[in-house]
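Work through the exercises below with the coordinates open, and try each task before reading its solution.

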Amino acid sequence: MNYRIIAYILGWVLNFEALFMAVPAFTALYYSEGAGIGFVFSLLICLFFGVILTLKKPAKKAIYSRDGLVIVSLSWIVLSLFGALPFYVTGVIPSFIDAVFESAAGFTTTGASILSEVESLPRCILMWRSFTHWIGGMGVLVFIMAFVPLSGGQNMYIMKAESPGPSVSKFVPKIKATALLLYSMYFILTLAEFVFLLCGGMSVFESLNTALSTAGTGGFGFRNNSFESFSPYIQWVVTVFMFLFGVNFSIYFLILSKRIKEAMKSTELRVYILLVVAVTALITVNVSDMFATLEDAVRNVAFTVVSLVTTTGFATVDFNKWPELSRSIIVILLFTGACAGSTCGGIKLSRIILLFKSMSKELRLLVHPKQVHQIKIDGRVVSHETVRSVNVFLVCYMLIMMISFILISFDNHDLITNFTAVSATLNNVGPGLGLVGPTSNYGFFSGFSKLVLIFDMIAGRLELFPMLALFSPYTWKDK
Amino acid sequence: MEIIVVGCGKVGRTIAEQLNDDDNNVTVIDTDPDMVRDISESCDIMGITGNGATHSVQQQAGIERADLLIAVTGSDELNLLCCLIARKAGNCQTIARVRSPEYNGEASFFREELGLAMVINPEFAAAAEIARILRFPSAITIDSFAKGKIDLMKFHIPDDSPLLKYSVKEISTELHCDVLICTIERDGEAIIANGDTTFMKKDVISVVASPKNAYKFFSEIRYKTHRVKNTMIVGAGDIAYYLSQILLKSGIDVKIIEKDPARCTEFCGMVPGATVICADASEQSTLLEEGLENTDSFVALTNLDEENILLTLFAKSKSDCKLITKINRIDFDDVIHKLDLDAIIYPKHITAEYIVRYVRAMKNTIGSNVETLYSVIKGSVEASEFIVKEKSEITDTPLFELKLKKNLLIAGIIRGGKVIIPRGHDTIQVGDSVVIVTMQKGLHDVCDILA
């Protein structure tokens, strides 16, 4: 284990976190809010530790697989801990665990809040919440890699551990260029949404917050009723952009490099579109008598479906009150997630496609035990390792989910609440059903349960393995 | 530069790594997903799984944007096909590895008619390198600059050499030789020599001199400079084939020892002048019977690296001939270095070095000015040749007034075909070729030598 380089990279994470905190600090300055002092103070703390750790470049720069996993998981823990400082220091959230919960929910783009009232919060705090979504969505380490040469060529281990999806590939040979490309596409899409929202009559501050929050598929709002009170145009714009941020970014790269045919052939993209359309249609039929017009129904259902599939967690209606069929479908949507390589959480459609394909392969093998069969996606053979790692992912996923479910049951809330709370945090969605529905919050859980849910959020964002590796004794055995 | 490497075997991997270190954007293509994953995890390059000779895979690798495609798969025909398709699909230069002796005479046709920029045969390149060493057996390696007008030679200091008594600056005054000591390797560490550096036993030093002065210098320090008259080669592979042809042409007797009778017969037909012995060289008696003790040089070229090392060590114990060992696969440089095996040939490095040199020359037209480039001590010291094209801070100023970077040496100036071994009062002028020996990586222009 290369402890020096781990500390060095953590130092850079803190330096960049300090940089990120400058955004809400300037917001505070602009609106002359006193809470800005809290940000300046937190910024200086981050910078202090960051500068100490990055003072000396490590001589040995080799990063191996386990260093990469540890770096990524520790970075996210450090990020959440220090990201909680502004909430705590400004006194917006008096309990530190609550502050960490809020900050973790921000960076992991879960959007599960412990605050019941957000409209009275200082604007800089709202800005910080949305901005953590934006940074967390594409990944902090990816961001750092776009600007700082961290180590030799072995950054791939870091990128792999942080980027969502069963197999991560680069767009261009250099990691730095790839990271820069990802962030440019991300930035342009965010900007586009911002402009569209502005045209719809939203204020600059609200448009910016919404755009940042949607881009990371986060879900922190700035109104207590989320998006219920906005015009249909705004709701449609947000729906479309949530959908767009749920698409694999490599599709956008293909479109940019004029390989549109190839992009449209993507199985995952097709399944994604089909899923959203089909589920929207189904639920619309189920809930049609609750809305005045068909457009109203379709808009609200589409918003909800896209918001949940992409694990954003915005809401226009309280789907807690929908009929059982719709609620059941919603519970399932908590798990699927959208495309790999996007900013969403969840299991990801590509994994589900792969699982279905390997299931059908096994079923066929029952009939023809000697049949030779290869699993293909988009005409390419999927290696046995990938299939295996997806299977193991599912097992770990179930296990973490069950254990967390039992652990938070000690609080003695009802089953639906507990179950959806775990699924909504592990999948980085945000709102669940029952007591954690779209109109409520996570404030009522005990401190211990909150810790469990924080772990779930970070594990879910990093797709389990980095967090599991961090807590595995094998990782720390040097001999 | 955007470079695509097809095939990630031994050579492909070395090339990809070195080109990546040189700050190029490298994409590798291979049919084996494990190999691709392995290499794209260990360095910052993109890997694509697939057949590099198909248009779609090349497109995926970005052939339209590529400046160069290097095909180094195991199959000659596939390599050629890769290059032909790349020529049509994109607008890039192509390099193919073509190793079969049957194609050996076709290289110029490939270049001129098929539009390949370079055809490289690793075995032939290795053989040429061995032949060069045998022609001047005192040195471990010889790199030529300015079309052979000036050589950079690396050799061991003999135990009884008068050199041990002097420091670097005393050499020209005491020994009256116009040579320049560049680097010293001591216990695996590299030192760039300055005037006060002294020598120790077991040092490996590199020297810049014109071939004539080098000869004088070697006799002055009592170093054997005799040419080899005969050689004993173990293993009748492709390198042995090319090597025997080169050696026989320059009048050196060749004796080949090979186990496989069929190969012996075939080899005998291909190289009529060579003495082919069908025997197992791993038996001591065979080697002694064939006159190991009296041979001038011994070259171990079997397919097993371990066997080559053992054979060389045995030959070293029985005779004081020039030893050359081929090492294909194993990577333990430090350990092998400690065994004191004399000259070692790494075919994969030779191929990679040829190609890297070509790439730097290509970059030359896009801004950098390096003419030739050699790695003097692997991984730390490089020697490069620049042509001074215009007036700048470094021209017409006595060298002792120039503030040079640390660990950098101006090792030679070639003006109008004449070699000047630079001293403090010499100047660099427009039109000169300058040889720089340095530990600094990435010199792109001769002006980069200033601190």
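**Exercise 1: the two chains**

Task: find how many residues of chain A are in contact with how many residues of chain B, and sort the chain A side by class.

Solution: eleven residues of chain A are in contact with twelve of chain B, where contact requires C-beta atoms, placed from the backbone, to lie within 7 Å. The chain A side divides into five nonpolar, four polar and two charged residues, with Ala, Val, Leu, Ile, Met, Phe, Trp, Tyr, Cys and Pro counted as nonpolar, Asp, Glu, Lys and Arg as charged, and the others, Gly among them, as polar. This is a predicted model, in which local features need pLDDT of at least 70 and side-chain atom pairs count only at pLDDT 80 or more, while totals for chains, interfaces and linings use all residues. Residues are numbered from 1 along each chain as its sequence is written, and chains are lettered from A and ligands numbered from 1 in the order in which they are written.

**Exercise 2: a helix pair**

Task: determine how α1 and α7 of chain A are oriented to each other.

Solution: helix α1 (residues 3–30) and helix α7 (residues 140–147) of chain A pack at about 95 degrees with their axes 10 Å apart, the axes being lines fitted to C-alpha atoms over the stretch in contact and angles running from 0 to 180 degrees between N-to-C directions. The two helices of chain A are therefore roughly perpendicular, a label given to angles of 65 to 115 degrees. A:Trp12, A:Val13 and A:Phe16 of α1(A) meet A:Val140, A:Phe143 and A:Ile144 of α7(A).

Note on methods. Helix = DSSP H or I, 4+ residues; strand = E, 2+ residues; numbered from the N terminus. Parallel < 35°, antiparallel > 145°, perpendicular 65-115°, else oblique. Contact = placed C-beta atoms within 7 Å.
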